[in-house]
Amino acid sequence: MQRSFAALGLWGLSLAQEAHRVAITHPGGSYNQEVAFLFPWVYFFSFLIFLVVAGSLAYVTWKFRARPEDQEEPPQIHGNDRLEVVWTLIPLAIVLVLFGLTAKALIQVNRPIPGALKVEVTGYQFWWDFHYPELGLRNSNELVLPAGVPVELEITSKDVIHSFWVPGLAGKRDAIPGQTTRISFEPKEPGLYYGFCAELCGASHARMLFRVVVLPKEEFDRFVEAAKASPAPVADERGQQVFQQNCAACHGVARSMPPGVIGPDLGLLGNRTSLGAGIVENTPENLKAWIRDPASMKPGVKMPGFPQLSEEDLEALVRYLEGLKVEGFDFKALPKF
């Protein structure tokens with residue numbers, strides 16, 4: 001129980017430290033840039049209305065305040081057709097302007113982008129799968145994208161309704177079993193963006209996180225070519241044996257889409273910045289704790305714990321998993337949004 005509270009506290013602290021980096025106003029992608037164009041108009045009209053209403057209220061309150069010499073009720077005035085028409089037409093004009101600007105932005109952000117890089121996004125309880133059908137590549141919980149290249153995400157779910165949301169890049173899209181929703185945008189700024197499931201989906205809905213890694217186009221191409229090449233040398237042969245005996249039934253390391261999916265693909269685990277779908281940083285200590293007892297860190301997770309592993313086997317397994325990566329890419333050094 002104490003370890004469970006400690007793990008949850010660690011997760012809460014990590015999330016609190018990163019919360020300040022999440023902003024829908026960050027112009028990290030073409031989607032957010034279109035939406036951000038609306039904010040100055042909304043702020044302007046809101047401030048204008050506030051000034052008119054608050055100013056009028058202050059003026060009337062001061063001018064028609066009760067005075068000691070007032071003994072009789074002031075004359076009553078009823079109706080002013082011209083004033084009523086004016087205060088009806090002005091709000092109507094403001095609403096029409098905002099409606100037109102919003103409709104333009106909605107049409108723009110929902111328009112398919114020709115030649116976009118397609119990525120199939122699938123939500124599971126409680127993690128995300130990312131498959132690049134045109135590149136023959138697969139990763140889990142961290143979506144790697146090129147800056148300056150339009151992308152189209154085809155989003156679905158294999159169990160319950162989830163919702164895919166990267167505040168710094170684009171808006172929300174529901175992940176619905178049996179259906180495919182789409183969102184297109186162009187990442188503009190390289191960096192590490194934080195994503196969330198925005199639909200209540202079970203016990204660990206709040207811990208169903210992910211990250212989007214946006215790389216410069218040349219670096220992205222190098223990463224893809226290296227990821228598709230022959231796997232890196234085995235970092236620990238004993239760890240590989242432990243993996244085959246305990247983990248291979250649910251997890252693959254081929255970085256490609258298998259016939260059936262049970263758990264996240266681990267072929268690029270060593271490159272990921274986080275573990276457990278974004279809940280803790282990717283460190284050897286956190287990886288050991290996750291393997292020992294994942295449910296204490298993420299209630300409702302379908303992965304069983306492995307408390308029966310000896311300390312030597314666990315350390316060997318961690319060394320093997322950390323070696324599943326493309327050398328020369330440090331995503332943790334990217335700016336965070």
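**Notebook: spans, cores and pocket of a predicted model**

I began with residues 37-62: their end C-alpha atoms lie 39 Å apart, and the span is 96% helix and 0% strand. The model I am reading is a predicted one. I then looked up residues 83-103, where the chain is 100% helix and 0% strand and the end C-alpha atoms are 30 Å apart. I checked the record for both spans: an unreviewed UniProt entry lists 37-62 and 83-103 under "transmembrane region".

**Annotated domain**

I next consulted the record for a domain. The unreviewed UniProt entry gives residues 114-226 as "domain: Cytochrome oxidase subunit II copper A binding". In the model I find this span to be 9% helix and 50% strand, with its end C-alpha atoms 27 Å apart.

**Nonpolar cores**

I turned to the largest nonpolar core, which has 45 residues; the members touching the most others are Val119, Trp128, Leu143, Leu153, Phe164, Phe185 and Val212. I listed the elements that each supply at least two of its residues: β1 (117-124), β2 (127-132), β4 (142-146), β5 (151-157), β8 (181-185), β9 (191-197), β10 (209-215) and α5 (217-228). Of these, I note that β10 gives the most, with five residues.

I examined leucine 143 separately. Setting aside neighbours within four places in sequence, I find leucine 143 in contact with Val119, Phe130, Tyr132, Leu153, Phe164, Arg211, Val212 and Val213. I also recorded another core, apart from the largest one, of 21 residues, including Leu266, Met297, Phe306 and Tyr320.

**Valine 151**

I located valine 151 in strand β5. Is valine 151 buried or exposed? I class valine 151 as buried because its relative accessibility is 0%, and the cut-off for buried is under 20%. Not counting residues up to four places away in sequence, valine 151 touches Ala116, Leu117, Leu145, Pro146, Ile183, Ser184, Phe185 and Pro187. For leucine 117, which is 34 residues from valine 151 along the chain, I noted a C-alpha separation of 4.4 Å.

**Largest pocket**

The elements giving two or more residues to the lining are α6 (237-246), β11 (274-275), α7 (284-292) and α9 (311-322). I find that α7 contributes the most, with three residues. By residue class, I recorded 22 nonpolar, seven polar and four charged residues in the lining.

Technical notes. Residues are numbered from 1 along each chain as its sequence is written. This is a predicted model: local features need pLDDT of at least 70, side-chain atom pairs count only at pLDDT 80 or more; totals for chains, interfaces and linings use all residues. Side-chain values use heavy atoms; hydrogens and water are left out. A nonpolar core is a set of buried Ala, Val, Leu, Ile, Met, Phe, Trp, Tyr and Cys residues joined through side-chain atoms within 4.5 Å. Buried means under 20% relative accessible area, exposed over 50%, partly exposed in between (1.4 Å probe, protein chains only). Helices (H or I, at least four residues) and strands (E, at least two) are DSSP runs, numbered from the N terminus. Contact means heavy atoms within 4.5 Å. UniProt positions are given in the numbering used here, feature names are shortened, and annotations may be inferred rather than shown by experiment. Ala, Val, Leu, Ile, Met, Phe, Trp, Tyr, Cys and Pro count as nonpolar, Asp, Glu, Lys and Arg as charged, and the others, Gly among them, as polar.
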